[in-house]
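Good morning, and thank you for coming.

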Amino acid sequence: MSRQDTPVLVVGGGSRIARALAPLLGDAAAYVVRRPSGHARETIVDDYRSLPHTAFIDAECVINCVGTPTGDVEHLNRINFEIPCQLAAAARDAGVRHFIHISSFSVYGRADEIGRATPTAPTGDYGRSKLAADEALLALESDRFAVTILRLPLIYGDDVAGKLAQLLRLWARTRVLPIPTGDVRRAMIGVELSAEVIARIATQPVDASKIVFAADPRPFTYADAARARNGKNALRRFPVPRGFADLVERLAPSVGGRLFADSRLADDDNLAIRYGLGSRLYHDIAAADLS
């Protein structure tokens with residue numbers, strides 16, 4: 001295949017985002033997977049670290065979709081740090097011009113608002129492994145090898161799968177949920193919108209920034225989620241004092257952080273808004289099967 005035929009190589013082709021990228025990239029992309037995924041052009045490997053040098057030769061851009069939020073420290077570092085760094089080094093040596101890496105808002109820990117000026121402060125092993133990779137990848141950049149770090153918030157999948165679905169199903173079962181007075185505003189993004197942003201980055205220059213961000217143009221709030229589900233098992237909110245919410249966050253950070261804490265992306269730093277992409281969050285919430 002010529003470089004023109006296959007300018008984009010997607011590593012981690014079995015991931016949700018990679019599958020969503022396929023119709024956007026079309027014949028311009030090849031994929032690397034660990035098990036058959038049905039892509040027209042895919043290379044199957046036992047270990048992404050053993051990807052042959054020849055896999056990169058025809059690529060102008062490599063998109064790394066390999067990552068995991070779960071596992072012990074060793075596993076997180078292997079998947080989130082070692083593999084991206086080895087892929088990027090191999091891509092650079094093969095003459096690839098652009099490497100896109102999917103990172104996470106977890107590198108900011110408990111920050112209420114996220115943007116270019118927000119200091120990194122991961123609070124867990126996942127966030128630390130992602131930050132280590134981000135920093136190492138940027139160190140590989142040169143005049144001939146551009147690196148784009150795309151930091152994303154909570155990603156929900158088809159039919160609002162994942163942590164958002166767990167929260168909405170809990171709410172649907174209880175019919176009422178304690179909500180901090182004043183509500184919360186949390187950045188989220190769907191798999192489809194994530195793929196659209198990544199496809200744009202792969203085919204259009206972003207700007208001089210090495211680290212970029214994307215989220216649904218509308219943040220998640222409980223009030224808007226309840227309105228989106230109006231007429232479908234009405235969801236009610238029970239306001240509680242912010243002090244109670246703070247107590248829950250201290251006693252059970254993994255629960256309180258998801259339920260009660262703000263984590264929003266500054267509009268000026270949101271690529272989805274810059275690209276003119278519309279909000280899908282509440283359409284997806286309205287259509288979700290919560291049974």
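**Overall make-up**

The protein contains ten helices and 13 strands. Please keep in mind that this is a predicted model. Of its 291 residues, 49% are buried. Its accessible surface is about 13600 Å², and carbon and sulfur atoms account for 51% of that area. Turning to contacts with a separation of 6 or more, 74% are between residues 24 or more positions apart.

**The sheet**

Let me now turn to the sheet. Seven strands form an open sheet with parallel pairing, in the order β3-β2-β1-β4-β5-β7-β11. At its edges are β3, residues 42-44, and β11, residues 211-213, each of which pairs on one side only. On average, neighbouring strands of this sheet are turned by 20 degrees against each other, direction ignored. As a reminder, strands of a sheet pair through backbone hydrogen bonds, either parallel or antiparallel.

Two helices deserve mention here. Helix α1, residues 16-25, packs on the sheet and touches β1, β2, β4, β5 and β7. The direction of α1 makes about 160 degrees with that of β2. Helix α3, residues 125-139, lies across β5, β7 and β11, and runs at about 160 degrees to β5.

Does the length of α3 agree or disagree with 1.5 Å a residue? Its 15 residues should span 21 Å, and the end C-alpha atoms are 21 Å apart, so the length agrees. The buried residues of α3 are G127, S129, K130, L131, A133, D134 and L137. These buried residues pack against α2, residues 73-93, as well as β5 and β7.

I come next to the interior. In soluble globular proteins, nonpolar side chains tend to be buried together. Here the largest nonpolar core has 31 residues, and V10, L21, L25, I63 and V197 touch the most other members. The elements giving two or more residues to this core are β1, α1, β2, β4, β5, β7, α5 and α9. Which of them gives the largest share? Helix α5 does, with eight residues.

L21 illustrates the packing: leaving aside residues up to four places away in sequence, L21 touches V10, Y31, I63, C65, A195, I198 and A199. Another core, of 24 residues, lies apart from the largest one, and its members include V32, V45, A94 and L140.

Helix α5 covers residues 191-203. The buried residues of α5 are V191, L193, S194, A195, V197, I198, A199, I201 and A202. At 1.5 Å a residue, the 13 residues of α5 should span 18 Å; the end C-alpha atoms are 19 Å apart, which agrees.

**Two positive phi values**

I close with the backbone. Most residues other than glycine have a negative phi, and most peptide bonds are trans. R175 has a positive phi, near 70 degrees, and is not a glycine. R175 lies in the loop between α4, residues 163-174, and β9, residues 176-180. D183, also a residue other than glycine, has a positive phi of about 70 degrees. D183 is found in the loop between β9 and β10.

Are these two residues buried or exposed? R175 is partly exposed, because its relative accessible area is 37%. D183 counts as buried, because its relative accessibility is 13%, and buried means under 20%.

How values were computed
Residues numbered from 1 in each chain as written. Predicted model: local features only at pLDDT ≥ 70, side-chain atom pairs only at ≥ 80, totals over all residues. Heavy atoms only, no water. Helix = DSSP H or I, 4+ residues; strand = E, 2+ residues; numbered from the N terminus. Buried < 20%, exposed > 50% of the residue type's maximum accessible area, 1.4 Å probe, protein only. Contact = heavy atoms within 4.5 Å. Areas by Shrake-Rupley, 256 points an atom, 1.4 Å probe, with all protein chains shown as cover. Pairing = 2+ DSSP bridges. Axes fitted to C-alpha atoms, helices over the stretch in contact; angles between N-to-C directions. Core = buried A, V, L, I, M, F, W, Y, C linked by side-chain atoms within 4.5 Å. Expected span 1.5 Å × (residues − 1).
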